[in-house]
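Dear colleague,

I am handing over the structure below, and after it you will find some notes on what was found. Please read them alongside the model.

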Amino acid sequence: MPTTASAPGLLRRLAAMAYDAAALFSVLFVASALVVIPTQAMWGIEDLSGYPVFRIYLALIVAVFFGWFWTHGGQTLGLRAWHMRLVRIDGKPVGWLDVLKRLAATLMLWLPVQLLFLLGESADPVRDALVAWTPFGIGLLWILFDRRKLAWHDRLSGTRPVMAKD
């Protein structure tokens, strides 16, 4: 495992995240269609977004998507494209407990502001989106100041991306 590999920079990590977001969007689109289409056909329910079971289903899809890649070689599609790998702080491979910690750390940075917006009415969705993503963005920008180039969710989960040896 590459324990001495250098930490990837912010732009490389953002590019990998963009690749992963595109792949995850596709997976969520198909996963949603597998539930929404039959639900509409059988019960006439057109919008499942307010149903907690549907939200939990999609959250599980996200967890399995990242978890499978991280526990099977440490590379999502974006990490592979940008020659990075996710490892634990000690350099060992990521396990499912590490995956859960990383997902929980990411969610912990993002959820509090989301809850505030769910409770209140707002007429400016663009501003709301910018404010809602602020904690996550600051957590990523922390890479620029951290001596080990770790984001907040890296530190909270005990994982870190490293440059993969080709």
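Leaving aside neighbours within four places in sequence, Phe66 is in contact with Asp20, Leu24 and Thr76, where contact means heavy atoms within 4.5 Å. This is a predicted model, in which local features need pLDDT of at least 70 and side-chain atom pairs count only at pLDDT 80 or more, while totals for chains, interfaces and linings use all residues. Residues are numbered from 1 along each chain as its sequence is written, and side-chain values use heavy atoms, with hydrogens and water left out.

Phe66 is also among the residues with the most contacts inside the largest nonpolar core, which has 13 residues; such a core is a set of buried Ala, Val, Leu, Ile, Met, Phe, Trp, Tyr and Cys residues joined through side-chain atoms within 4.5 Å. At least two residues of this core come from each of α1, α2 (52–71) and β1 (84–88), and α2 gives the most, with 4 residues. Helices (H or I, at least four residues) and strands (E, at least two) are DSSP runs, numbered from the N terminus.

Ser32 lies in helix α1 and is buried, because its relative accessible area is 18%, and buried means under 20%, exposed over 50% and partly exposed in between (1.4 Å probe, protein chains only). Setting aside neighbours within four places in sequence, Ser32 is in contact with Phe54 and Leu58.

Leu34 also belongs to helix α1 (residues 10–43), but Leu34 is exposed, with a relative accessible area of 61%.

Best regards
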